[in-house]
Amino acid sequence: MYKFTFEKAQKLHKFGVDLVVYGENVPEANVVHVSVKKGHLEEFYDTKSYFIYYIVDGKGTFVLNDENVEAKATNLIVIPPKTRIHYFGTMEMVLTVSPAYDEKNYRHVRMVGEKES
């Protein structure tokens, strides 16, 4: 398949983030439209996948293994496997997960309070 449409994509809201997931049946990678108004209020990591965020609009702060990484429109944030992730800000992003997201590789660390931003 060459084309994935918004109408057929999976839409989710979790931990303060709106997600539209494209290419769920492609094992090499998922592409996700991410819209966040305050932050991703869960710290997590993935044991196998890279999370590659392209910031389309807005700005924020990624917290990666307790290190603050400022992000703004046109930045690319590349997060290797086993890196703890959460972020704050108002951003529109395109996220590529490679290899594609697999729930068995996902690890919840903790919930994050907005006051931590």
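Q: What makes the pairing of Lys104 and Asp102 a salt bridge?
A: Their side chains meet at 4.0 Å, N to O. The term needs a side-chain nitrogen of Lys or Arg within 4 Å of a carboxyl oxygen of Asp or Glu, so this pair qualifies. This is a predicted model, where local features need pLDDT of at least 70 and side-chain atom pairs count only at pLDDT 80 or more, while totals for chains, interfaces and linings use all residues. Residues are numbered from 1 along each chain as its sequence is written, and side-chain values use heavy atoms, with hydrogens and water left out.

Q: Why is Lys104 called exposed, and what is Asp102 called?
A: The scale runs on relative accessible area: under 20% is buried, over 50% is exposed, and anything in between is partly exposed (1.4 Å probe, protein chains only). Lys104 comes in at 61%, so it counts as exposed. Asp102 has 31%, so it ends up as partly exposed.

Q: How do you know that Asp66 and Arg84 tie together separate parts of the chain?
A: Their side chains form a salt bridge with an N to O distance of 3.1 Å. Asp66 sits in the loop between S5 and strand S6 (67-72), and Arg84 in the loop between S7 and S8, so the link joins parts 18 residues apart in sequence. The strands here are DSSP runs of E with at least two residues (a helix would need H or I and at least four), numbered from the N terminus. As for exposure, Asp66 is exposed at 55%, and Arg84 is partly exposed at 23%.

Q: What makes Glu116 and Arg110 count as another such pair?
A: The N to O distance between their side chains is 3.0 Å, which makes a salt bridge. The structure holds 5 salt bridges, and a network of them links Glu43, Asp66, Arg84, Arg110 and Glu116. Side chains of opposite charge can pair when their charged atoms come close.

Q: Why is Thr83 called buried?
A: Its relative accessible area is 10%, so it falls in the buried class. You'll find Thr83 in the loop between strand S7 (76-79) and strand S8 (85-98). Setting aside residues up to four places away in sequence, Thr83 touches Phe44, Tyr45, Leu64 and Asn65 (touching means heavy atoms within 4.5 Å).

Q: What about Lys82: buried or exposed?
A: Exposed, since its relative accessible area is 59%. Lys82 is in the loop between S7 and S8, and it shows a positive phi of about 70 degrees despite not being a glycine.

Q: What makes a set of residues a nonpolar core, and which residues have the most contacts inside the largest one?
A: The members must be buried Ala, Val, Leu, Ile, Met, Phe, Trp, Tyr or Cys, joined through side-chain atoms within 4.5 Å. The largest such core has 22 residues, and Tyr53, Phe62, Tyr87 and Met93 have the most contacts inside it. Strand S2 (17-22), strand S3 (30-36), strand S5 (50-64), S7 and S8 each contribute at least two residues. S8 gives the largest share, with 6.

Q: What makes an open space a pocket, and how much space lies in the largest one?
A: On a 1 Å grid over the protein atoms alone, a pocket is an open set of points where a 1.4 Å probe fits, with protein on both sides within 12 Å along at least five of seven lines; lining residues have an atom within 4 Å of a point. The largest pocket holds about 430 Å³. It is lined by 21 residues, of which Leu12, Lys14, Leu19, Val21 and Tyr101 are closest to its centre.

Q: Why is Lys37 called exposed?
A: At 63% relative accessible area, it belongs in the exposed class. Lys37 still has contacts beyond its neighbours within four places in sequence: Gly16, Gly89 and Thr90.

Notes
Points joined across faces, edges and corners; volume = space filled by probe spheres on them.
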